[in-house]
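Subject: Structure handover and notes

Hi,

Here is the structure we talked about. Please open it next to these notes.

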Amino acid sequence: MNRFLLQGFLLLALIPIGLLIGYGFLVMGPIICWGFAINAYRANNDKELYFWLFIGLIGFFIALYVLGIL
């Protein structure tokens, strides 16, 4: 098989894998931020708690927008 043709097929195979990983990070990001917020709550650190809640909320709305729900 031609090397150029093989590289083209490999590139086409990497596109869905990249999308899957990207959407996985997009969905898991707010969950991880809310986990950090729970940890800050247990440590009685209110400033960090509200910071992680705010970042998680922004990530949640970005994920909804990118996934086409908003």
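In which sense, left-handed or right-handed, does helix 1 cross helix 2? The crossing of helix 1 past helix 2 is left-handed. One caveat before the rest: this is a predicted model.

Helix 1 covers residues 3–42. Helix 2 covers residues 46–66. Their axes lie 8 Å apart, and the packing angle is about 165 degrees. An angle over 145 degrees counts as roughly antiparallel, so helix 1 and helix 2 are roughly antiparallel to each other.

Who makes the contact? On the helix 1 side, the residues are Tyr23, Leu26, Pro30, Cys33, Trp34, Phe36, Ala37, Ala40 and Tyr41. On the helix 2 side, the list includes Glu48, Leu49, Trp52, Leu53, Gly56, Phe60 and Val66. By residue class, the contact divides into 18 nonpolar, 2 polar and 1 charged.

**Gly56**

Gly56 sits in helix 2. Is Gly56 buried or exposed? Its relative accessibility is 0%, so Gly56 counts as buried. Set aside the neighbours within four places in sequence, and Gly56 is in contact with Pro30, Cys33 and Trp34. Met28 is 28 residues from Gly56 in sequence, and their C-alpha atoms are 10.0 Å apart.

**Aromatic pairs**

How many aromatic pairs are there? The count comes to 4. One of them joins Trp34 and Phe60. The geometry is tilted: 5.9 Å centre to centre, with 45 degrees between the planes. Trp34 belongs to helix 1 and Phe60 to helix 2, so the pair ties together parts that are 26 residues apart in sequence.

Phe60 also pairs with Phe61. That pair is edge-to-face, at 5.8 Å centre to centre and 65 degrees between the planes.

- Trp34: 30% relative accessibility, partly exposed.
- Phe60: 34% relative accessibility, partly exposed.
- Phe61: 43% relative accessibility, partly exposed.

Met28 lies in helix 1. With a relative accessible area of 42%, Met28 is partly exposed. Met28 and Phe60 are 32 residues apart in sequence, yet their C-alpha atoms are 9.3 Å apart in space.

Phe54 is in helix 2. Is Phe54 buried or exposed? At 51% relative accessibility, Phe54 counts as exposed. The cut-off for exposed is over 50%. Phe54 and Val27 are 27 residues apart in sequence and 16 Å apart in space, C-alpha to C-alpha.

**The loop**

Where is Asn44? Asn44 is in the loop between helix 1 and helix 2. Its relative accessibility is 68%, so Asn44 counts as exposed. The backbone is worth a look here. Most residues other than glycine have a negative phi. Asn44 is not a glycine, but its phi is positive, at about 55 degrees.

**In short**

Two helices pack roughly antiparallel, with a left-handed crossing. Gly56 is buried. Asn44 has a positive phi.

Best wishes

Methods
Residues numbered from 1 in each chain as written. Predicted model: local features only at pLDDT ≥ 70, side-chain atom pairs only at ≥ 80, totals over all residues. Heavy atoms only, no water. Helix = DSSP H or I, 4+ residues; strand = E, 2+ residues; numbered from the N terminus. Buried < 20%, exposed > 50% of the residue type's maximum accessible area, 1.4 Å probe, protein only. Contact = heavy atoms within 4.5 Å. Phe/Tyr/Trp six-rings, centres within 6.5 Å; stacked < 30°, edge-to-face > 60°. Axes fitted to C-alpha atoms, helices over the stretch in contact; angles between N-to-C directions. Parallel < 35°, antiparallel > 145°, perpendicular 65-115°, else oblique. Left-handed = near helix turned anticlockwise from the far one by under 90°. Nonpolar A, V, L, I, M, F, W, Y, C, P; charged D, E, K, R; others polar.
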